[in-house]
Amino acid sequence: MRRLTPYLLALPSWMWLGIFLVVPMAAMASVSLQTGNAIDGFAMTFSFSNYSDALGRYSTQLLRSLLYGGLATVAMLVIGYPVAYWIAFKGGTRKSVYLFLLLLPFFVSFVLRTISWNFLLSDNGILFGTLKGWGLLPEDFHVLATTFAVVGGLTYNFLPFMILPIYVALERVDPRVIEAAQDLYATRTAAFRRVVLPLSLPGVFAGVLMTFVPATADPINAQILGGTANTMIGNIIQTEYLTNLNYPTASALSFTLMAVLLVGIFIYARALGTENVLEAAAR
Amino acid sequence: MPRSRRDFFRVTGFSAAGLALAACGVQGQKAAPPKADAVKDYWAKQTKHGKVVFANWPEYMPEDQAPLKKFQQATGISYEYKEVIQENAEFFGKADPVLRAGQPLGYDIVVMTNGVQLQHMIDLGYATPLDHAQLPNFEANAGQKYKERAYDPGNKYTVPYTSGVTGIAYNTKYVDDDITSIEALFDPKYKGRVGMMGDAQEIGNFAMFALGIDPEKSTEADWKKAGEKLKAQRDDGIVRKYYDQSYIDAVAKGDVWLSMAWSGDVFQRQLAGEPVKFVVPEEGGTIWTDNMLIPKGAANPVDALMLMDYLYQPVVAAELDEFIQYVTPVPAVQDLLREKAKTAKGKDKKALEDMVDSPLMFPSEADYAKLRSYTPLTTQQEQVFNPIFQSITQA
């Protein structure tokens with residue numbers, strides 16, 4: 001009985017995964033190999049050409065999504081690491097206040113926040129309208145409907161998911177370790193580079209994982225902030241599912257996206273070293 | 001350890017389950033048109049339940065829900081009113097699996113625009129055929145145009161809720177010219193300042209108007225030509241963005257200067273004092289209709305019919321239209337609003353007079369002559385039509 005206890009305790013989560021992950025994934029995998037249409041029905045034909053067709057038509061959008069997701073992740077890392085560092089080491093007694101402020105915008109819905117950006121960045125809005133009025137910007141300057149707006153929106157929307165894990169990792173760094181490094185004649189930079197940074201890498205890994213995946217798959221930012229050539233793969237999947245009722249193509253695209261992300265993450269994990277990854281995963 | 005029989009079964013059992021999953025297709029539901037007798041039998045069995053659930057689009061009912069309250073007082077039928085429909089495709093995408101599985105949607109009336117999704121609803125047997133014996137107000141008061149619609153001849157499944165026109169809106173603060181032609185949307189002068197709609201039907205229609213093609217009679221070759229025209233427009237950088245409902249904010253803010261637009265949106269902005277104008281282009285515009293239908297498996301079909309019919313009383317239709325400000329299917333509304341304007345005072349009087357005279361709410365015969373409906377498409381045609389235009393809007 002005792003040997004079984006851990007398995008019994010794990011049972012609910014296995015059932016959860018089974019019902020809500022494995023079954024839908026299997027059904028989706030099945031649909032991705034079918035042919036037909038929504039009116040006459042779809043039938044299993046093991047049509048692997050769904051994948052090649054979908055990729056042939058939408059490789060541009062898929063690559064663009066990975067690029068945007070990657071750019072946004074790098075931007076979040078550049079912005080987020082110093083913030084996490086500052087809160088962890090300089091935050092003092094107000095740490096929780098800063099963290100709360102960081103999370104505050106998340107009480108508002110994702111879509112609404114993105115629409116607010118649209119409002120703020122509008123050509124003649126509060127920001128650019130004023131600057132144009134002062135003659136600081138050319139009349140036809142605009143940010144909306146550009147790549148910059150979409151990547152910026154992604155960066156803004158997912159930033160806390162980068163900061164929090166890094167913060168957690170940095171918070172755990174024992175200040176005495178840094179002192180020890182300095183006792184051993186490490187400069188501040190050297191102490192950071194050889195002690196703090198490696199210790200925080202699991203947090204960075206978790207942060208990248210939690211931001212790169214949803215940023216790449218996100219359809220909202222491209223729809224609200226993008227222009228004529230900023231369509232991301234999430235928009236395509238949405239259109240294929242809901243407008244065209246082309247379930248096979250949509251499923252094939254979803255699986256392709258998932259596969260590409262998994263491969264990317266695997267390579268990233270290898271580059272970073274498996275130990276750190278396991279440590280991060282165990283948290 | 002040698003592999004035991006049980007292991008073997010376990011492994012094959014798993015793969016059998018996998019195969020079973022792989023074999024399960026998504027069933028088609030294409031329904032033959034119901035026989036008249038069957039429809040009669042169906043309605044003969046239904047009774048009033050004293051309750052109705054109405055699913056509609058936002059801003060399609062006054063906030064105080066007065067028309068519905070009066071309906072409750074008049075008939076004793078209580079109502080639930082839900083603004084759950086934002087987009088036809090999205091709504092259909094969500095409803096389809098539920099109705100396909102034979103489960104009720106939970107609504108007794110839903111409102112859908114004529115177009116591919118409504119066609120799917122009818123083709124798949126998701127719409128309950130209506131009993132016209134129970135729609136006397138509709139018979140008496142609906143305009144003739146709203147009884148002769150290509151997408152639902154004889155109003156078998158739907159009755160109109162409201163209609164609107166797709167035309168061009170422009171911001172007079174930035175555009176000095178009087179826009180009359182669809183060519184303005186293709187004019188390099190407005191590079192980067194033109195908004196187009198993301199919907200394949202809407203954008204396809206407009207490109208066909210520009211080419212002098214009647215969308216209702218268009219062929220695959222016409223769609224391709226229209227696609228080429230739109231592609232050139234995009235590649236020349238004329239289009240700023242392919243919009244959904246958010247185009248109207250963009251026009252009002254000046255992010256785009258002119259855009260494809262829906263009449264009611266523009267009219268509401270004009271009343272709010274914003275510098276936007278609406279035109280039906282001389283080449284043509286689209287008229288669409290949002291229709292009420294009773295989804296398959298609805299719990300209270302009789303009550304739903306009663307509500308539908310109630311809304312066709314001119315007084316009720318007038319009250320609704322005063323708020324919605326689109327085209328009402330009840331022509332008598334114009335006179336009722338004119339009467340009301342006579343006794344009203346100040347700002348209300350002005351607003352009512354504007355409404356009565358507005359070609360956006362009461363298009364003239366000349367306006368109607370320029371208006372065309374969506375292209376009716378079969379599923380096979382749709383699989384050609386959609387990619388042509390989506391490859392432009394979702395590049």
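A salt bridge here is a side-chain nitrogen of Lys or Arg within 4 Å of a carboxyl oxygen of Asp or Glu. Keep that in mind as you look at this predicted model, and start with Arg240(B) and Asp123(A): their closest N and O atoms sit 2.8 Å apart, so the pair counts as a salt bridge under that 4 Å cut-off. The rule finds 2 salt bridges across the interface of chain A and chain B.

Which parts of chain A supply the side that touches chain B? At least two residues each come from helices H1 (5–31), H2 (49–90), H4 (110–121), H9 (220–225) and H10 (233–243), and from strands S1 (34–37) and S2 (41–44). H10(A) gives the largest share, 5 residues. Sort the residues on this side of chain A by type and you get 16 nonpolar, 19 polar and 5 charged.

Now step back to the whole interface. In terms of contacts, 40 residues of chain A meet 40 residues of chain B. The two chains bury about 3100 Å² between them, and 47% of that is on carbon and sulfur atoms. On the chain A side, Ile39(A), Thr228(A) and Leu242(A) lose the most area to chain B, together 23% of what that side buries.

Finally, a look at chain A by itself. An unreviewed UniProt entry places the feature "domain: ABC transmembrane type-1" at residues 62–268 of chain A. Over that stretch the chain is 78% helix and 0% strand, with the end C-alpha atoms 19 Å apart.

Conventions
Residues are numbered from 1 along each chain as its sequence is written. Chains are lettered from A and ligands numbered from 1 in the order in which they are written. This is a predicted model: local features need pLDDT of at least 70, side-chain atom pairs count only at pLDDT 80 or more; totals for chains, interfaces and linings use all residues. Side-chain values use heavy atoms; hydrogens and water are left out. UniProt positions are given in the numbering used here, feature names are shortened, and annotations may be inferred rather than shown by experiment. Helices (H or I, at least four residues) and strands (E, at least two) are DSSP runs, numbered from the N terminus. Contact means heavy atoms within 4.5 Å. Buried area is the accessible area (1.4 Å probe) that two parts lose on being put together, summed over both. Ala, Val, Leu, Ile, Met, Phe, Trp, Tyr, Cys and Pro count as nonpolar, Asp, Glu, Lys and Arg as charged, and the others, Gly among them, as polar.
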